[in-house]
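This report walks through a sheet and the helices that go with it. The sequence and the structure come first.

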Amino acid sequence: MSGEKDLRALLSGMRPELNPGRYVFTTVGGPAGIPSGVTPLVTVAEGEGLTLVARLEEAEAAGLPYDYVAGWITLRVHSALEAVGLTAAVAQELASAGVSCNVVAGFHHDHLFVPYERAAEAVALLEGLAGRSG
């Protein structure tokens with residue numbers, strides 16, 4: 001079940017995929033504070049509260065505040081959690097084009113949240129990186 005560790009293989013095989021929809025980062029007091037109708041993609045427990053990444057429409061319907069609307073990109077390569085350099089290489093590629101990126105590591109894949117209006121551009125940049133890494 002372990003994923004890929006070789007950076008060159010990770011980069012050349014990342015196959016970035018833009019998921020449909022718009023996503024927001026918001027926060028609630030804790031798990032009991034997640035409103036009905038909101039199914040978060042990601043939760044992060046912090047001292048200040050529970051961060052949620054959720055669909056824009058769900059957050060708005062629940063009256064949750066947000067500042068940042070993101071597109072969600074999944075890197076389809078199965079990356080090992082102990083792999084070194086993938087996040088740095090992806091972040092550098094996007095940063096060089098002035099694209100912000102918030103990364104969430106899942107067991108099988110890395111997930112990137114980038115400004116919604118630049119999501120297609122981010123995919124193209126990552127595809128270029130993958131092509132240069134093969």
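## Sheet and helix packing

β1 and β4 run antiparallel and are joined by 6 bridges. Helices (H or I, at least four residues) and strands (E, at least two) are DSSP runs, numbered from the N terminus. Two strands pair if DSSP finds at least two bridges between them. The model is predicted: local features need pLDDT of at least 70, side-chain atom pairs count only at pLDDT 80 or more, and totals for chains, interfaces and linings use all residues. Residues are numbered from 1 along each chain as its sequence is written, and side-chain values use heavy atoms, with hydrogens and water left out.

**The sheet.** The open sheet has 6 strands in the order β2-β3-β1-β4-β6-β5, with antiparallel pairing. β2 (42–46) and β5 (102–105) stand at the edges. Each has a single partner strand, so one side of each lacks a neighbour in the sheet. From one strand to the next, the twist averages 30°.

| Strands | Bridges | Facing residues |
|---|---|---|
| β1 and β4 | 6 bridges | Tyr23 and Ala70 |
| β4 and β6 | 6 bridges | Thr74 and His111 |
| β2 and β3 (residues 49–55) | 5 bridges | Val42 and Val53 |

β4 is mostly covered, with 6 of its 7 residues buried. Buried means under 20% relative accessible area, exposed over 50%, and partly exposed in between (1.4 Å probe, protein chains only). Helix α3 lies across β4, β5 and β6 and runs at about 20° to β6. For such angles, axes are lines fitted to C-alpha atoms, for helices over the stretch in contact, and angles run from 0 to 180 degrees between N-to-C directions.

**His111.** This residue sits in strand β6. Is His111 buried or exposed? His111 is buried, because its relative accessible area is 18%. Its side chain makes a polar contact of 3.1 Å with the side chain of Trp72. Another polar contact, of 3.2 Å, links the side chains of His111 and Thr74. A polar contact is a pair of N or O atoms within 3.5 Å; within protein, one must be able to donate a hydrogen and the other to accept it, and residues adjacent in sequence count only if both atoms are side-chain atoms. Leaving out residues up to four places away in sequence, His111 touches Trp72, Ile73, Thr74, Asn102, Val103, Val104 and Gly106. Contact here means heavy atoms within 4.5 Å.

**Helix α4.** Ala119, Ala122, Val123, Leu126, Leu129, Ala130 and Ser133 are buried in α4. They cover an arc of only 120° around the axis, so they lie on the same side of α4. The arc is that of the directions from the helix axis to the C-beta atoms. What do these buried residues pack against? Their partners are α1 (7–12), β1 (16–28), β4 (69–75), α3 (86–96) and β6 (110–115). The face of α4 turned away from the buried side carries the exposed residues Ala120, Gly131 and Arg132.

The length of α4 (residues 119–133) fits as well. At 1.5 Å a residue, its 15 residues should span 21 Å, and its end C-alpha atoms are 21 Å apart, which agrees. The expected span is 1.5 Å times one less than the number of residues.

**Leu18.** Leu18 belongs to strand β1. With a relative accessible area of 39%, Leu18 is partly exposed. Leu18 and Ala120 are 102 residues apart in sequence, yet 7.4 Å apart in space, C-alpha to C-alpha. Beyond four places in sequence, Leu18 touches Trp72, Ile73, Ala119, Ala120 and Val123.
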